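Q: Please take a close look at the cavities in this structure, and then at the surroundings of the ligand. What lines them, and what kinds of residues are there?

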Amino acid sequence: MINIGVIGYGYWGPNLVRNFAETPGLSVASVADFDPKKLEIVQKRYPGVNTTTRFQDLLENKDIDAIAIATPVNSHFELGMAALKAGKHLWLEKPMTETSEQARKLVEEAEKRKLVLIVDHTFMYTGAVRRMGDMVKSGELGQILYYDSTRINLGLFQRDVNVISDLAVHDFSILDYLLGEQPVAVSAVGTSHIPGTPENLAFITLSYSSGMIAHANVNWLAPVKVRQILIGGDQKMIVFDDLEPSEKIKIYDKGISFTDNPQQIYEMRVGYRTGDMWAPHIDATEALRVEGEHFVECIKNGKAPLTDGLLGLRVVQLIEAATRSMNERGRSVEINGLSMHQGRRVA
Ligand SMILES: NC(=O)c1ccc[n+]([C@@H]2O[C@H](COP(=O)([O-])OP(=O)(O)OC[C@H]3O[C@@H](n4cnc5c(N)ncnc54)[C@H](O)[C@@H]3O)[C@@H](O)[C@H]2O)c1
């Protein structure tokens, strides 16, 4: 049994504790939060779990094997480094850190100590994204031409991170998973509608050497909530609507064909193909549950997680590049040498 301590019981922390409590091989030993009122809730829901306002208690507890950190991003590096130095395996919320330099230091520390570092890019453990990954990798969609994502709603305005770091972070991790190819350049425009606060709206475009283009529209100031991704392949196309209770993914057998035949030069060169649409069955297991089991397996077998520190680092590098572009009114920022080596063992 792996004993885990959770730091941060705000919005996301309760989801971690609920899933960890139900995950075979994991036992929630203790929860830390600055706010005693939140700890009262923990005590009511989980009478067997210790609570404390001092996160240090978790690090000093020799019975705790792993620490999960669900605090605001600006505390991830300091808390994560302290957990690793205390010899604990680490579950870190997304985005991993504020800077890529901090992320790199955490990756190195975990590697040096042979500890598992998982970054909670939750989408990669959803049935929908895994299914889309299978389709892209099997070639069923054909050549991928574009990825177009919309993540808009009213709020939550964050005080410490911009909307790219809060919402586009999901697209960066999903793209990394689906394509296994890294973008060569990013261009972003965005703005803050409240002076002195981080940007609450951004349009981000990623270019790939294959010619693929990815776009994300992220916005905390929209009247409706939309969570939709279109993936266009030259054989088939996918619409993923995360707000659909069932049938989240629809596959369209639609596309175009065109001819260079000189005899048809005066005719329409583009032909449209409209075939069937179907919604495949998607595994509905909660992503955090799948991810919790994966974390246990990685600790037991010394394996690097699917969403390891290097993936977390690549995502932070993209957030930095997109933010730099946004600060320079959309200048194209080249991306060189994102940190790879997925699939290695930690021990
Ligand atoms: N994976 C996802 O899909 C997902 C979704 C939402 C949030 N998140 C991430 O989860 C993290 C937390 O976000 P949130 O919305 O829950 O924040 P939040 O502000 O609602 O909660 C953070 C909690 O941490 C506590 N805290 C902060 N520093 C602490 C410390 N040093 N010791 C003890 N307690 C401390 C605060 O008192 C607060 O209760 C962020 O990194 C966020 O990006 C991830």
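A: Two cavities of 30 Å³ or more are found in this predicted model. A cavity here is a set of points on a 1 Å grid over the protein atoms alone, where a 1.4 Å probe fits but cannot get out; lining residues have an atom within 4 Å of a point. Points are joined across faces, edges and corners, and a volume is the space filled by probe spheres set on them.

The second largest cavity holds about 30 Å³ of space. Its lining consists of Phe123, Arg151, Arg227, Gln228, Ile229, Phe240 and Asp242. By class, the lining has three nonpolar, one polar and three charged residues. Ala, Val, Leu, Ile, Met, Phe, Trp, Tyr, Cys and Pro count as nonpolar, Asp, Glu, Lys and Arg as charged, and the others as polar.

Around the ligand there are 23 residues, divided into twelve nonpolar, six polar and five charged. Tyr11, Trp12, Asp33, Lys94 and Thr122 come nearest; a residue is near if one of its heavy atoms lies within 4 Å. A backbone N or O atom of Lys94 lies 2.7 Å from a ligand oxygen atom, and an N or O atom in the Thr122 side chain is 2.8 Å from a ligand nitrogen atom.

Residues are numbered from 1 along each chain as its sequence is written. Local features need pLDDT of at least 70, side-chain atom pairs count only at pLDDT 80 or more, totals for chains, interfaces and linings use all residues, and side-chain values use heavy atoms, leaving out hydrogens and water.

Definitions and conventions. A polar contact is a pair of N or O atoms within 3.5 Å; within protein, one must be able to donate a hydrogen and the other to accept it, and residues adjacent in sequence count only if both atoms are side-chain atoms. On a 1 Å grid over the protein atoms alone, a cavity is a set of points where a 1.4 Å probe fits but cannot get out, and a pocket is an open set with protein on both sides within 12 Å along at least five of seven lines; lining residues have an atom within 4 Å of a point.
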